[in-house]
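This report describes how a ligand is held in a protein model. The sequence and structure come next.

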Amino acid sequence: MQFHFIANEAVASTSARTLPVIDPSDGQPFDELQRGNAADIDAAVRAARRCFEGAWHRLGAAERGRLLYRLSQKIAEHVDELTLLEQRDCGKPVSQARADALALARYFEFYAGACDKLHGETIPYQDGYSVFTWREPHGVTGHIIPWNYPMQIFGRSVGGALAAGNACVVKPAEDACLSLLRVAQLAAEAGFPAGAINIVTGYGHEAGDALARHAGIDHISFTGSPRIGTLIQQLAAERHCPVTLELGGKSPQIVFGDADLGAALPVLVNAIVQNAGQTCSAGSRVLIQRDIYELLLERLGHAFEALRVGPAAMDLDVGPLIRQTQQQRVWDFLSDAQHAGIPMVAQGVVVDEAPESGFYQAPTLLRDVPPGHRLAQEEVFGPVLAAMPFGDEDDAVALANATPFGLAAGIWTTDGARQFRMARRVRAGQVFINNYGAGGGVELPFGGMKSSGYGREKGFEALYGFTTLKTVAVRHG
Ligand code: NAI
Ligand code: MG
């Protein structure tokens, strides 16, 4: 049985209700979570407020940095345990779960070093004044975390918020709580004061909704679906609470005829099959210049046919999807494609060892996807790659930008001037030239344009979002 983590203690929900923890590899429940409600959220917000106004506020920036660093070390010491939890809870192949745990440690290491380097400015002003700015924490920040990368998104969001001096209330996704509950315990062991990190588990429409409505929350970070992102903004607008939103994408990987296809091929595939395609920045559209369209589709097809899907513990190319409704969602997209006559080029293979009751989906490559079709417009959040041809550079830009989203883009070309032109013209928060994702670097600001959201997480940039600026003008004559 798992409990909320409030003020450094394991706490049962006042609802006296639980929800099951399910292993996506076999679809079976193996643990239980507290089903948090508004009263639990309120207790967590109060604990965070007490911490923010007490122990946390008095701590110097360097001391705060040392705490974050100690937590990063603790996480590094417990990578095997966290990997196992994540593998079981989220169905991540072992090496992908491990990469997430290591990234989490790295987030806390990076933000540990940033704590005492976040400062304001002095501003030249009229004679007789001295003017300066302070970067102050918002206070209590709320973090609504999705299930696709719980550890990484906790790291980028909570790591940045703590570094900036906020106390945090976290509502993880109902399908992905175990690793984060363990990390909160590790934080307490590392010496974080009670209330700095609080975790309330439960459903989005209950615990999540209560968090988004709570008057004691001074800033909300949300990563998830555009629909819930809209709801969060509406609730936050009622009390003018600032939000940072990351709402996914339909990111293009654009391949020109002069590209190094040998280098591009494994990256193009990985960008859509990593984490079974359940990645906000997945490269889910491949736009291919017409002169190499057939050639590249053939090579991509062979690569897809070689992909193996199976239980997380087997550590194959692809694990199961998170839950049955996500599997159904992917099926719906694929059956729409079939009805629209969109040709399927190739599919990977679900291995025989994969239990029937697990949530498996073979990676699928589709071609000639019409730009207006929902497979070219909406996030599938599964291992489905939509290929379409383009003519020239203008055509590539128009196609790349022709979705409501703008999170990431990959551009493959050996023409240096074109690399810059394309990087300028593509509307996306991150642009990758001759790579995709750049290894995920925690240092690199991340976030979207258009319906992909606003505000930035990761890197030093995130700290500006987790603080508010105060201008102080002293009249001294
Ligand atoms: P979701 O947006 O419902 O869930 C994300 C988080 O929001 C979870 O922690 C959930 O508990 C919480 N939440 C849900 N309803 C809420 C509410 N009314 N108030 C406050 N919090 C609430 O996403 P879901 O249903 O799990 O996935 C659906 C689709 O959303 C996916 O297929 C994918 O396309 C997209 N998605 C995108 C993510 C990204 O990384 N950008 C992450 C997760 C989902
Ligand atoms: Mg689970």
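## Pocket

A pocket here is an open set of grid points, on a 1 Å grid over the protein atoms alone, with protein on both sides within 12 Å along at least five of seven lines. The model is predicted. In this model, the largest pocket is the space taken by ligand 1.

## Shell around the ligand

There are 29 residues around ligand 1, and those that come nearest are W147, K171, E174, S225 and E379. By class, the shell consists of 13 nonpolar, 9 polar and 7 charged residues.

Both domain 1 (4-247) and domain 2 (252-441) contribute, each with at least three residues of the shell. Among the secondary-structure elements, α8 (204-213), β10 (219-223), α9 (226-238) and α12 (324-339) each provide at least two shell residues. The element that gives the most is α8, with 4 residues.

## Polar contacts and cover

For I145, a backbone N or O atom lies 2.8 Å from an oxygen atom of the ligand; for N148, a polar side-chain atom lies 3.1 Å from an oxygen atom of the ligand. At G248, a polar backbone atom is 3.2 Å from a nitrogen atom of ligand 1.

On its own, ligand 1 has 810 Å² of accessible area, and the protein covers 90% of that area.

Terms used
Residues are numbered from 1 along each chain as its sequence is written. Chains are lettered from A and ligands numbered from 1 in the order in which they are written. This is a predicted model: local features need pLDDT of at least 70, side-chain atom pairs count only at pLDDT 80 or more; totals for chains, interfaces and linings use all residues. Side-chain values use heavy atoms; hydrogens and water are left out. A residue is near a molecule or strand if one of its heavy atoms lies within 4 Å of it. A polar contact is a pair of N or O atoms within 3.5 Å; within protein, one must be able to donate a hydrogen and the other to accept it, and residues adjacent in sequence count only if both atoms are side-chain atoms. Accessible areas come from the Shrake-Rupley method with a 1.4 Å probe; for residues, only the protein chains shown count as cover. On a 1 Å grid over the protein atoms alone, a cavity is a set of points where a 1.4 Å probe fits but cannot get out, and a pocket is an open set with protein on both sides within 12 Å along at least five of seven lines; lining residues have an atom within 4 Å of a point. A molecule sits in a cavity or pocket if more than half of its atoms lie within 2 Å of its grid points. Ala, Val, Leu, Ile, Met, Phe, Trp, Tyr, Cys and Pro count as nonpolar, Asp, Glu, Lys and Arg as charged, and the others, Gly among them, as polar. Domain bounds come from an automatic or database domain assignment.
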